[in-house]
Every structure is written in C-alpha cells, then in structure tokens.
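Please look over the model below with these notes to hand.

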Amino acid sequence: MAETLKADFGIEVAFTPGTPDPSRVFRSMTALIDSFQRFDKELVQSIDNAIEPILLLEDIEAGSIRTWLRNAISSVDDSALKDGDWKKVVGSYLLKAKHIVVKKLEGKTEITNRNDIKEIEAEILDAARATDIQRIPTYRPLPETKIVQVIAQLGTALAHLTATDSAKLITAEGEAAFNLALRVSPDSLRDLLVKESLSHEAVWILKVKRPDYLGESMWDFKLGDHPMQAKISDLEWLRNFQERNIDVRPGDAVRAIVRQTIHYGYEADIVYEHHEVLKVLEVIELSLPSQGKLLGE
C-alpha cells in the first residue's frame with residue numbers, strides 16, 4: 001500500500017494459477033468496480049442530490065489482482081452544505097457504506113428476509129447522518145430497491161469466479177470478504193420488497209423495436225416514447241410469426257391486448273412493472289421513413 005497512499009479503497013480478486021478461463025478474474029473485477037460506481041451515485045442521494053461522485057483508478061497490483069481506487073467528489077451547488085472539508089467526509093461515508101453492504105452479506109447463502117435489507121438501509125442512513133455536513137439536516141434513507149440492485153449487481157459480478165477464487169474489499173474500515181457462496185436471484189430479492197400487486201388489461205398500440213424470433217425472450221417495444229419489454233403469450237399468433245406466415249419488422253406496430261402488472265413496495269413506491277401481450281389483434285405496417293426514425297437513423 002506504500003505506493004498507493006492516495007487510494008481510498010481496494011478490491012482484491014485472488015485466484016489459483018493454472019486454472020482455466022483466466023478472463024473470469026478480469027470480468028469479475030470490472031463488474032465489481034462498475035457496481036460500486038453505480039452504488040456511489042445512489043449513496044450520495046441520501047445527503048445531497050447535487051453531489052457527484054467520481055471513481056478514479058490509482059493502481060493495479062499483480063499476483064492476486066488488486067485494484068486501488070480513489071473517490072473524487074464534486075458538487076454543482078454546495079450552498080446547502082456546511083463549511084469545511086465536506087468532500088473528505090462524503091468520501092468516508094461512501095467507503096463505510098460499501099463496507100456495510102459487503103460485511104452484511106458475509107456468511108449468508110441467500111437472502112429470504114426483508115429485515116436483512118432494512119438493517120442495511122438503517123446502517124447506511126446512520127452513516128449519512130454521521131457526516132453532519134448539511135446546514136439543515138434532511139438525510140434520506142437509501143431506497144430498499146437500490147440496496148437490492150447493488151446486492152444483485154455484486155452477485156452477478158462474483159458469479160464469474162469459481163470456488164477456488166476469492167475476493168475482498170479493503171477500506172479504512174477494515175477488510176471484508178465478498179461472499180461467493182451467496183446465491184442471489186434478482187427476482188426473489190425484488191419480490192421481498194413487494195407488498196401489493198395490481199393488474200389491469202387494456203388495448204395498446206406498441207411499436208416493435210426488436211422482435212423475438214425464437215419465442216423464448218421478451219420483445220422490445222416502444223409505448224409512445226417509452227421503451228417497454230413484454231413477452232407475447234398469444235401462442236397461435238407467435239407460431240404464425242415464427243413460421244413466417246406473419247411479417248413483423250422493426251418499426252412496425254401491433255395493436256394488442258396487454259396486461260400490465262404494477263408491483264408496489266411497503267412505502268407505496270413502484271418496485272417494478274411487468275407487461276404481457278395476451279393477444280395480438282392487428283399488425284400495423286409503418287412506412288420506411290417512420291421505421292428509420294424509430295431506429296434512430
């Protein structure tokens with residue numbers, strides 16, 4: 001660490017030499033860095049939405065791959081913040097929040113209780129309040145959905161590694177081992193936050209952005225200017241489409257009966273939405289200029 005005194009924290013991925021799929025180590029490291037970068041952007045919202053965190057690369061060590069990183073903090077408007085070295089305080093908060101999440105996941109094989117998420121939320125909020133940098137203290141808890149997102153992202157990043165690998169986070173708070181045994185299902189994590197689900201059916205006109213030619217994935221649509229994914233459960237229509245009896249191209253549209261299900265959390269927030277095309281009523285062929293516009297040409 002002597003050559004990396006400017007670094008705020010490090011991520012280490014240890015591996016057994018001579019093992020196959022060497023790129024797994026770099027894929028995992030890249031994904032972990034990306035996850036923490038996104039996490040930082042969410043964390044500063046608890047303090048002031050004008051603060052912008054930036055992650056800087058300080059050094060990379062060989063052997064076990066160890067990446068040292070530094071937080072750079074800026075603000076477009078610091079009038080709501082107290083005088084003093086608030087950037088250093090915010091940087092310490094970001095490090096503590098990372099350590100909280102990784103430590104809380106140690107020793108778990110799965111997360112089946114919403115209380116685990118609430119505990120992380122409470123500790124991160126306490127860390128935000130401890131910064132004491134706001135002139136008027138209005139610190140906000142990090143939404144549960146954001147905590148679930150970062151856990152899912154870390155799980156995806158670690159899934160590249162094998163049982164003989166290991167990874168850890170190194171901060172001033174100490175070292176915390178990433179839990180490779182934790183089996184994270186983004187859907188099951190998300191469902192922990194759902195209190196109530198409401199559905200309704202309606203006839204919508206959806207522009208087709210990307211069809212699914214195999215029948216196993218979601219279709220990409222646009223509802224007005226909003227992108228939307230939906231699975232088509234109209235099996236007869238889908239079979240005719242896959243057998244090329246029906247021609248649908250990107251830029252065309254379909255008039256369809258769509259079921260929209262909105263899943264609400266415990267604070268009346270929308271956790272996620274799900275769309276299903278129950279029946280395709282009509283294919284609307286659009287002109288070539290309209291297709292080009294839709295595809296961004």
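1. Buried means under 20% relative accessible area, exposed means over 50%, and partly exposed lies in between (1.4 Å probe, protein chains only). The model is predicted, so local features need pLDDT of at least 70, side-chain atom pairs count only at pLDDT 80 or more, and totals for chains, interfaces and linings use all residues. Residues are numbered from 1 along each chain as its sequence is written, and side-chain values use heavy atoms, with hydrogens and water left out.

2. Asp132 is not a glycine, yet its phi is positive, about 50 degrees. Asp132 sits in the loop between α3 (114-131) and α4 (144-158); helices (H or I, at least four residues) and strands (E, at least two) are DSSP runs, numbered from the N terminus. Asp132 counts as partly exposed because its relative accessibility is 45%.

3. Most residues other than glycine have a negative phi. Arg244, also not a glycine, has a positive phi of about 65 degrees. Arg244 follows α6 and belongs to the loop between α6 (235-242) and β9 (253-264). Its relative accessibility is 77%, so Arg244 counts as exposed.

4. Which residues of α6 are buried? They are Trp237, Leu238 and Phe241. Seen down the axis of α6, the buried residues fall within an arc of 100 degrees, so they line one face of the helix. The arc is taken from the directions from the helix axis to the C-beta atoms.

5. The buried residues of α6 pack against β7 (219-223), β8 (226-232) and β10 (270-284), where contact means heavy atoms within 4.5 Å. Leu235 and Glu236 are exposed, on the face of α6 turned away from its buried side.
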